[in-house]
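Biologist: I would like to learn how to read a structure like this one, feature by feature. Could you take me through it slowly?

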Amino acid sequence: MIVSLTIKNIVLIDRLQIDFEGGLCVLSGETGAGKSILLSGIGLVIGARSEKELIRHGCDQGTVSAEISVRDDHKVWKIFYEQGLEFDRGPVILRRTIMRDGRSRAFINDQSVTIALLRKVGRSLIEIHGQHDERGLLNPSGHRNLLDNFGSYDPLLSKVNSTYSTLVSLKEELIREQVKLDLAQSDEDYIRHNLEELETLDPKLGEEEKLAKERSRMMQGETLSTGLKALLGKLLSDKGVDTVLRTTLRKIERMSAKAPGLLEGVSNSLEQAANETSEGIQELEGIIQDLEYNPYDLENNEERLFAIRAAARKHNCQPDQLIALMVDFNKKLDVLKFSDDEVHRLTNKVKAVQVVFESNVQKLSADRYKTAIDLDKQVNKELPSLKMDKAKFKTFIEPLEPVKWNGEGGERVDFRVSTNPGAPFGGLIKIASGGELSRFILALKVVLARKGSVATLIFDEIDQGVGGAVANAVGERLSQLADKAQILVITHSPQVAARGRTHWLINKSQTGEEMLKTSVTKLIEECRREEIARMISGAEVTKESRAAADNLLQW
């Protein structure tokens with residue numbers, strides 16, 4: 001419940017602090033006293049749209065804060081946990097500041113938060129209802145949530161939401177994998193064809209360079225071989241150096257016998273030269289032999305070399321990179337196979353989760369139909385006590401096509417009413433008059449509050465358009481509702497005001513030349529009697545109106 005509300009510099013309020021109590025809290029005052037300003041302040045602190053016009057004239061900013069007492073098991077703690085807010089399950093303090101330049105700041109327990117989060121937390125703790133409130137009870141888009149809050153199937157609702165989230169995630173993943181597979185498959189024939197070509201070619205690292213050198217050697221070998229053969233021929237001819245050396249050496253040996261020792265050095269040198277010449281001739285013969293080749297070897301060499309170079313040109317790479325290209329092609333084919341397997345796996349997973357999701361939605365639908373029957377029964381039971389014996393309330397559930405099912409289930413929910421026997425059911429705001437609408441809302445809130453978790457309910461002139469016994473019935477129901485939650489009611493009805501546990505008077509005043517100012521005063525017994533008497537008689541309080549006020553306060 002709201003323990004304390006502080007408003008600074010909002011419209012006609014310069015500074016105002018109200019310490020509320022539990023139960024039914026009544027706020028009354030003459031028209032124009034500032035009741036709507038008080039509601040605007042509360043609206044700001046639970047995330048309503050801010051406007052710089054709300055700031056009091058002459059001030060740079062306005063601030064509203066509310067201290068709210070919350071049960072340990074309230075759902076708001078889950079919001080705190082999910083949003084990473086620090087908390088100790090003590091009082092929750094909501095604060096909103098609006099600046100003259102239009103900026104707005106929000107705080108929860110002195111932690112800066114977004115307006116959206118302030119709204120989410122605030123509206124889980126406080127609800128504001130009035131005849132012209134287009135949210136909540138009057139907006140069909142919120143009726144499904146209200147029905148679900150009344151039902152006792154939160155675990156099933158969570159399953160529907162989680163399985164739907166899983167299903168959406170899996171479908172998105174499946175789409176991504178299918179796109180990858182489609183792209184890979186479009187290139188599959190190209191990849192396989194080129195891989196087969198390269199595997200047939202079977203290039204080796206450094207092979208192109210080796211083949212090129214061998215081809216160059218073979219192409220130059222024929223010319224070189226011819227020249228070397230001519231030189232070899234001269235070396236081996238009758239007048240060749242080897243023959244001359246050998247002949248000369250034999251002659252010197254014969255001459256050495258006539259002059260022992262004289263030609264020994266010459267003989268040794270010539271013998272060494274002859275031996276080295278013979279070795280040179282043998283080496284030359286070997287080279288000539290190596291230069292000789294089979295013409296088919298050159299043809300085979302060129303065919304292999306040209307094939308490797310053609311493959312490299314085709315794939316715009318260096319010859320030695322063909323091996324890495326083969327590895328890359330194989331990897332792409334592996335990815336293709338993996339993607340195909342992954343698509344099949346995800347397809348089967350989607351089907352399995354789809355079955356679970358549909359089963360959970362169907363179970364949820366069944367629970368909603370049962371809950372709708374119970375809700376209708378309880379609301380219709382409340383209507384006679386609010387002097388609406390002939391009116392009927394009914395929850396309409398419209399099944400959605402399976403393709404439109406989502407994390408909230410598979411149906412729309414719409415609260416409708418019929419104000420007279422035989423009259424068709426229609427939307428609350430379209431069918432009911434002002435007074436009837438107030439009572440329908442009250443009946444529905446009385447029932448919903450039995451299982452609801454909102455700490456504070458605020459009703460803005462919910463008794464407008466009714467009087468006498470009907471106003472008395474409204475006051476009685478508000479009093480009963482206050483047993484389940486703190487109720488703040490802004491009222492002009494003395495029958496409702498008399499039911500309050502506490503009574504606050506909203507007043508507008510001006511002293512001298514100062515600006516108009518709205519104040520709120522907690523009424524003690526005698527003052528409360530006077531206010532209720534004023535509400536009964538109008539501007540002039542009479543003895544009769546005081547007596548009537550006394551009668552009302554006996555309730």
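Predicted model: local features only at pLDDT ≥ 70, side-chain atom pairs only at ≥ 80, totals over all residues.

Biologist: How are two packed helices described, and what are the values for H15 and H16?

Modeller: In general, a pair of packed helices is described by two quantities, the angle between the axes and the distance between the axes. In this model, helix H15 (residues 525-537) packs against helix H16 (residues 543-553) at an angle of about 115°, and their axes are 8 Å apart. The two are therefore roughly perpendicular to each other, and H15 passes H16 in a right-handed crossing.

Biologist: Which residues in H15 and H16 meet?

Modeller: From H15 come Arg528, Arg529, Glu530, Ile532, Ala533, Ile536 and Ser537, and they meet Ser545, Arg546, Ala548, Ala549, Asp550, Leu552 and Leu553 in H16. Sorted by class, this contact has seven nonpolar, two polar and five charged residues.

Biologist: At what angle do the axes of H2 and H3 cross?

Modeller: Helix H2 (residues 76-83) and helix H3 (residues 115-125) have axes that cross at roughly 165° and come within 10 Å. Because angles over 145 degrees count as roughly antiparallel, H2 is roughly antiparallel to H3. Their crossing is left-handed. In the contact, Val76, Ile79, Phe80 and Gln83 of H2 meet Leu117, Lys120, Val121, Ser124 and Leu125 of H3, and these residues divide into six nonpolar, two polar and one charged.

Biologist: How many residues has the largest nonpolar core?

Modeller: The largest nonpolar core has 67 residues, and Leu375, Leu442, Phe459 and Leu478 are those with the most contacts inside it. If we follow leucine 478 and again leave aside its neighbours within four places in sequence, we find it in contact with Leu24, Leu442, Phe459, Ile462, Ile487, Val489 and Val496. There is also a second, separate core of 49 residues, which includes Ile2, Cys25, Ile98 and Leu125.

Terms used: Residues numbered from 1 in each chain as written. Heavy atoms only, no water. Core = buried A, V, L, I, M, F, W, Y, C linked by side-chain atoms within 4.5 Å. Buried < 20%, exposed > 50% of the residue type's maximum accessible area, 1.4 Å probe, protein only. Contact = heavy atoms within 4.5 Å. Axes fitted to C-alpha atoms, helices over the stretch in contact; angles between N-to-C directions. Helix = DSSP H or I, 4+ residues; strand = E, 2+ residues; numbered from the N terminus. Parallel < 35°, antiparallel > 145°, perpendicular 65-115°, else oblique. Left-handed = near helix turned anticlockwise from the far one by under 90°. Nonpolar A, V, L, I, M, F, W, Y, C, P; charged D, E, K, R; others polar.
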